[in-house]
Structure formats: structure tokens, C-alpha cells
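Reader: I'd like to learn how to read strands and sheets in a model. Can you walk me through it?

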Amino acid sequence: MFRKTLLVRALGMAFGATALTFAVAPAIHAQTSATGTVFGQVDNPSGATVVIENVETGARRTMTPGADGKYSATSMPVGSYRVLLVRNGATVTTRDGVEVTIGGGSEVSFAAATLQTVQVVGRKQTIDVSAVGSTTTFSSTELARLPVASNVGAVIQLAPQTTRGDSRYGGGGAPSMGGSSASENAYYINGFPVTTLLTQVGFSQLPFNSISQAQILTGGYGAEFGRSTGGVVNLVTKRGGNDLVFGLGFSLEPSGLRAKPKSSYYQDNGANTITTNGKYRFYNEENKQETMSESFYFGGPLVKDKLFFFVAAENIDVTRSGIRLANAGGAGTTNSVLNAAWQETAINKPRALLKLDWNITDAHHLEYTKIYDQVDDTRRYYSFDYNTLTRGTVQQGGVTYANWGPTPVASEQGSGVDILKYTGYLTNDLTLTALVGETRSPHRLLPTGYNPALPQISATDGRIPGFTYPQPQTAVGNVLTPGAVDTNKGARIDLEWRLNSKHTLRAGIDYNKIESVAGTAQAGGTLWTYGQTNPAVALPDSVPTNTVVGNPYAQQGYYVSQSIINSQSTPSVIQSAWYLEDRFQVTDRVLLSLGLRNEAFDNRNGDGDSYIKITKQLAPRLGATWDVNGDASFKMFANAGRYHVPVPTNVAIRGAGSSRFTQQNFVYTGVDPITGAPTGLTEISPVFSNNNEFGQAKDPRQVAAQNMKGNYQDELQLGFEKALSRSLTVGAKLTYRTLRTAIDDTCDYRPFEAWATRNGKDGSDFHNVFQCALFNPGEANTFTIDVDGDGVLDTVNLSKADLGYPTVKRKYLALDLSAEYPFDGKLWGKVNYTWSRNTGNTEGQLLSDIGQGDVSTTQAFDFPEFSINADGRLPNNRTHQLKAFGYYQVTPEIGFGANLLVASGRPRNCIGNPSAAIAGGPADGYGSAFFFCNGVASPRGSAGNLPPDVRMDLNLAYRPRSVPGLQLKVDVFNAFNRQSVEVVEERYNAPGGSEFVWSRYGHVESYTAPRYVKLSATYDYKF
């Protein structure tokens, strides 16, 4: 619950002096996630109408001002508009250059003095006094001029309160927004959610040249948004118009213009393996990378003023050659040859977009978006000799990933997206939008030479003399489940009604059905392990081999064991929500946004049974903005709200999925010369499983606590924006966020066994069967679980004290200061400084301390001992961040851009074995998982900071007058080659609970990318 006194003070600041202010205010309005609003006031409105015309498509919307002269045209597609004041059929005044941005309001008012003659006037709204949240929006023009990498992740980093997450989550680090973990953001394209379905880390991509606008919300967003405790990213694509347009693009990031990446070395950290100190861990200096991309777009009318198309495509090819980070480095006490330590990588990313728009009438609009996004990643492995620093020439395996990666949380989703949206301006005051869509993300993991029809063969011991045991299957271990795919079928309806000049009401519902085919299975489907035993002694669950008569090999103890391992699951999630919102014009200068949202989710296992179902998660939202001077030159704003984030589908695979780990023993008489599989089989055991894993789904009632609370946080923001002059706008914002509840898993069986003892039950074997359960850490929980093994479920009520976990804590406090120089035809620039503090005992759904990607099932709450000393500065804390970017048009032909980041380094930890005082418990098996270092308390974040992250990106663009539409550009990223440390190994003791210091402790796992140059040429033509 919000503290009443805090809320009252916030509102008092927002509404102070309300009774003393009166002037023309913006008309109240709202907008959907992919549109904006044009609003204003007409003096002497009698007989007047306002016509809003889209410059590109010719679509016109006519508004009749109210008796007070105010009008508001909501749900307007983003783009450029012309606004006309019409009286008695004649145009009196025209305003050109009105830009509608995502979620923004553009004011166009007509004073009495302008009503006599036709005028053509351009006006730019300096401050949007109708917005109550924290919004950063970039147009395609701005993105083309800035030195920013051509991916959405780089654009997000331009916004305040954003930082790169842990690099082990892929793509240079999925973004952390507002102190939350990287899985707690929501992403939309044209109003449809495209967040990665399996893990919630990342999103579907689209051709970069098809982005019209990109909006980043880092707090204070309204009731229409949900399923995020971090931030929201809105992308709106370009669309066709009445002009036929065409463009081509080519870019190259040559390997020869890329600086050498830093190598990393074993640190002198006190480890006993002192012979590694100062030697290479990753020899990166010979790593090479080159990127090439081609793109085009084509758009225009199919039927003038009615039907339009826009198509765009890009193809990105990345080639890399270098150390394979997964296995590289001098292991043990030598720098000797390691198998498969060198990697050749070829990545292909074809992406395409089709956008169709149909203006059925001026009041009814239909649009269709289709996106194709594919990521193919092929890797070939070779040996590398650290003594001579040379690579081998004989390939030693490899793998091809499609829309996947070494771990799913570090992969790019890759997906097909279809979106159909209807917008109807039913009356002057009533707007309806309806949307349906689907995303489909297929995944593949294919080891080089893999043949799924061939089993794995292990015949190192127990071979029958004279028999040949071929091993044609090149893959070992597990592969991704065949047919792996994630899908989401969703729908949304929003209704907006301008009740009167004081109230605009909005309501909406949405629904998403997310389904996955996921998990892993044994390569080849089975593993045959050959062996020999004492023929008179039975193997586990078997009869002695000598009981099989007529088989001379059985009489000698020769046998074969068949193992089948898979964890295939088909989990699903049903997500639904509704919201209500009233934008209430309290006075001429004060606007309130009063909203309430409810979210529900139903996570189901592969059998369709619910294991977490939460139907009520009420989220109040309150925002306010005060136009202090009544002329949009100075606004103060405040907002408070509650935000929830759902549990992703990957939780079912780990915690509620079905798993099979079976074994069966046979004797045999021969071996297939092609596959290596045994022939002439005779069973000597039934199919058995040591852990009772026969492919059945876990009982959904036992994998999660009952009646859990959702994962949510509360937020408060206060701020202002002021135009000091036409060429300078400044602002400040204070943000406070606090996490209230979390969902994770506990693996501690002790509270259950203690409950059994208190209630006269035999729970002595519970620790052998308990496989963790989802719960709310730091709170009382009720579990339905079979504690005594009698086949009857027990209702186990455990208090917070019984479970032993502290209250979850994550607090984020930030102060943003900003200054912007609006574009004046030659110069545009913006500076943001953020001071922030991100502290607590949990990062959220992820555990960046060790790069763990098990979203919502991290090890952080497996045992309460892991929470001791866990309160401190969290991994996404960056105390200071300075972001400055802009561009300068030196001449009509030459332009220059710059982008600077200066950020404090990430906090460091020393995570080791437990202290002697808490050692001896079941958590000891985790080894380095405690906030103790060499037996001494080591609170989170107390080991110092990594070095600051300092990067300067520059570009120079040339647009020759002799060839209109042509642009030649060079971008230099990380111009001063500051390769900052991104991640270090924070685990202190060697794996396996060893008392020795790990040779990798303190080792640099990754640096930021070295300086590289991008050469590009684009050509744009309008017919």
C-alpha cells in the first residue's frame, strides 16, 4: 500500500497554487500505445470546424469544437499533419508542420486575431503539458543523424534511467530500466506485444530502416500499460503514403578498421594455482569481426488517398573468428592445448516488414503489419594452443542455432509477427481501436553432422572381443527439443469517450495466450552404454546376466544399458487485463489522470493444469500535470502507481515440466555395423527411474505455493520541465521505486520436515523427493504437498519465521537532470545526467551476480542462507550516468553527430563458501553462493566498483548536392577505444565446495566492444 502522507505530499506539490491559476489549458486527451493526439482551442468556435489532414496519406479528420472552443483528436497515427480552421466552407487558417509522436500531444490553437485571413504558420510545441509520465521519443530522422548502432537496444540506452544489463544475457547486455532486471520490460511494435515469450528477456526485431518512431517509457506510464516493472518500449513502423518512395542502403564494418580487443588474464588473487597467475585466460588479440548489411524500402499508394503499402528489408551478415569463450584459456596449472577453444562464427539476420494501410473512410482505418525476423548462427570449433598462440586447422565439431543461443536467455528471439488493427472514429467524441496479432518463434539447435536417427554410443569399457562398436553420432549430450517453438495469440480492444470538456474516459481489455514447445532431449533419442559385470551379480533393478540362457555373451557378463533423457514440455500462459482511466481537467491548468488496471495470469504445465493462477492484481495509477504559466512553457508533473510483472513460460520447464530419465538393461548378441546400436536384445530389467522421472508432468499442486501474491512494485515520480527560451529547455525528475513482492523458488526442505514433526507426521524422507517449489520469498506461504509420502497431499502453512527468509527488498532512487536544445535547422542536442541508487537483497527475476538466466527460479532464494549479507548495492546500480548526444549541420552537405556516455562502474561482489557459523547445511553443496569471502562477511556490493564506462561515438555525413538523396556516412563507435570492464567473475572459491580460491575469481569475463568503424551509403528517392 502507498503511504498516505507521501502521496498527499506528492499531490500537494503537483497541485500547489491551483486555486490561483486560470488560463487556456490543453484539452484533455488520451492515446493508445502506438498513436498520439492533436488538441487545442478555437476562439469564437461558433460555425467553425478543425480539419486535421495527414500530409503523407491525405486522410482527413474533421472535429467540431465544443461550446468552450476546445477540441481533441485522439488515436491519431504518428506522422506529419496539416491543421486547417474552416468557417462557412472556407479555410481561414492553416498550420503546417504539426508532428504527432507516440503517446504525445500536439497543441494547435487558433486565437481570434488569426481568424480574418488565411495564414500558413509552422509551430513546434516545446513542452507537452498533457503528458504525465517519463517519455523519451526518437524519430527516424534523429536516429539517422545520431551515431547510434542500428539496433533497438542501442536506442534504448540513449534514454535516462537505462543501462546495459549483464553481458551474459546477450547483445552486449539486455537493458535494465529503472533499476529492474532485464526480464521486467515490455516491448511493443505497432501496439502489439513482442517481448520474448520464453524468458521475457529481449524482443522481436524489425528492419531498422522501417522504424518511424521509438518511444522509451521509464516510469509513470498509464493504466493501458502493464506486465512491466522496468520500462516500456514502443516502436511504430513507417507506412506508405501518396508519394512513391524508394531507398537503398549498404553498410560495412570492416575488420581492418576494428581495434584489437583486450585479452584477459588470470589474476593474482591468492589462488593456490599460482602457475596460472598472469597467464592468458582469453587470448582475444587475434579475434576478428566484420559486419555487412544491405537494406531497401519501397512504399506508396495502391489507391491514392485510400490504400497504401510499405515494404522494407535488411540482411545482416556477421563473421567472427576468435577464442571460444565457453572453453577458452589455460586450464589447471598450464597453458596447454584445449580442445575446441577457437571458434569461427557466421551469423545471418534476414529481416523484413510489410505494412498495409486502408483508409476505408475518413472515420475508419484498417492496418496490417507483417514482420519476418530470423537469426541463424553457425559455429565451427577448432583447437587452440596457448603455448604457441596458434589455432588448429582440423574442425572439432560445431553447432547451428536458429533463433536461439548457447542459453535461451542470451539469444535473439527471431520471430514472425502478424498484426491486424482497426481504428474507428465512431463520433467526434468516441473512438474504438481493436487489434489481433500473433508472434511465432521457432527454435533449432543442430550440432554439426547431427543425425537424429543415430543413437549415442558409449563403448569405452566392456567390449566383446571381435565386435566392432561404431559411433557415427557426432553429437553428445542433449539437444533442443525438435519442433521447439513459442507462440502468442493476442487481442486487445480500447474504447475512448470524451464525455465533456472535463472528462475523457478510457477502457480496455487485452488477452494473450502464450504456448511453448520447449526443453531438451538426448541427441539421437537414446544412449547405449556397453559394459561388463559379474554375471552372477544383478545390476540395479535387474536380474543377473547369466540367467539368460542361450546367450554365451550374457554368460560372460556382457550387457548394454539404454538411457533416455528428455525434459520436453509444452507450457502455456493465459494473460488477461482490463483497465479504466479518466483524464480529468480539474482546472484550466491542472490535469489529472486517474486509472485502475487489473492483470491476471494463469501459468499451466504441459498437461494444461494450472500451477500458478492469479486473477486479481489491482494496479492504481495516478498522474497529474500543471501548466504553471498557462502557455506550455513550464510544467510540473507527478505520478504514482503500482506495476506488476508476470512469470514467464520457462518456469514450467524447470519447475513444473515433465521430465524423463529412464534406464533399462539388456543383454545382446550383436552390434549394428551402421548405427552402433545393439541387436539380439533380451531384457534383464524393466524400465526404471531412480528419481521416478517417467515423462509425467509434476503435480501442479505441489510445485508452487497456494494463493500467492503477484510480483509487483510501487513507484512515485515528481518533476518539471521549463522552456528557458525558444532554444533551451531544462527539466528535473525524482523517481522512487520499491519492490513489494517477488516470485522465486525455494529448495529448502527443512521447514517442511519441521512442520511434519510438529504435526506428528513422518517427513524423514521428504528431503529425497522435494524438488523445489515456487513461493513468495520473505512472506508466509501455504503449500499443498505430500510431506510424509503417503500419497495424500498435506496443507502446510509456513510462517515467514518458519521459512527463514527476510522481506524482499529492492529500492531505486534516481534524480534526472536534463537540458535540450531543440533543432533550429542546424543544431540539436540533449544532455541527461542521472544520479541513482539501486539497493536491496534481490535484483528481481534474474541473478546477474553469476549471470544466471533461470528467470524467476534463480538460486537467490533456494536456501535462506543465501540471503545473509545479501542486502546492498545491486548489479544494475550505476551511481552516475551522463548521456549527451546531438548533431550539427555544418553545411547543407555536411553534418556531424556525437554521442557520449560516462557511467559509474558496476558494483563488485566477493561470493564464496559459507562461514563456519552457518556451514554444514544443505546449501553447502552450492559452493560459492554465499555473501562471505574467505569466511568473512562480504555484504553485497562491498567489493568496490568496476571501472567507469566511458564511450564516445562520432559520425560524419556527406549529402552531395549533385546527387539528391545520396548520403555517405562514417560512424566511429567507441572512438577513444575505451574497452571498459563489463563483467568479472565474482565467485571466490573453486567449484564443488572447495576451500581453495578459484583461479578465475576476479577474472574479466567481458569488455565493451573495441573501437570500430561503420561505413555506409544510403539513397532515398521520392517519385
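Reader: In which sense do β9 and strand β14 pair, and over how many bridges?

Author: First, a caution: this is a predicted model, where local features need pLDDT of at least 70, side-chain atom pairs count only at pLDDT 80 or more, and totals for chains, interfaces and linings use all residues. Residues are numbered from 1 along each chain as its sequence is written, and side-chain values use heavy atoms, leaving out hydrogens and water. Now the idea: strands of a sheet pair through backbone hydrogen bonds, either parallel or antiparallel. Here β9 and β14 (residues 211-217) are antiparallel, with five bridges. Strands are DSSP runs of E, at least two residues, numbered from the N terminus, and two of them pair if DSSP finds at least two bridges between them.

Reader: What is the strand order in the open sheet?

Author: Five strands run β9-β14-β15-β12-β13, with mixed pairing. β9 (135-139) and β13 (192-193) are the edges; each has a single partner strand, so one side of each lacks a neighbour in the sheet.

Reader: And why is β5 largely enclosed?

Author: Eight of the nine residues of β5 (residues 79-87) are buried, so the rest of the structure largely encloses this strand. Buried means under 20% relative accessible area, with a 1.4 Å probe and protein chains only.

Reader: Which residue of β5 is the bridge partner of valine 50?

Author: Leucine 85. Seven bridges link β2 (residues 48-54) with β5, antiparallel. β5 also joins β6 (residues 90-100) through eight antiparallel bridges, and those two strands form a hairpin with two residues between them. In that turn, asparagine 88 has a positive phi of about 55°.

Note on methods
Buried means under 20% relative accessible area, exposed over 50%, partly exposed in between (1.4 Å probe, protein chains only). Helices (H or I, at least four residues) and strands (E, at least two) are DSSP runs, numbered from the N terminus.
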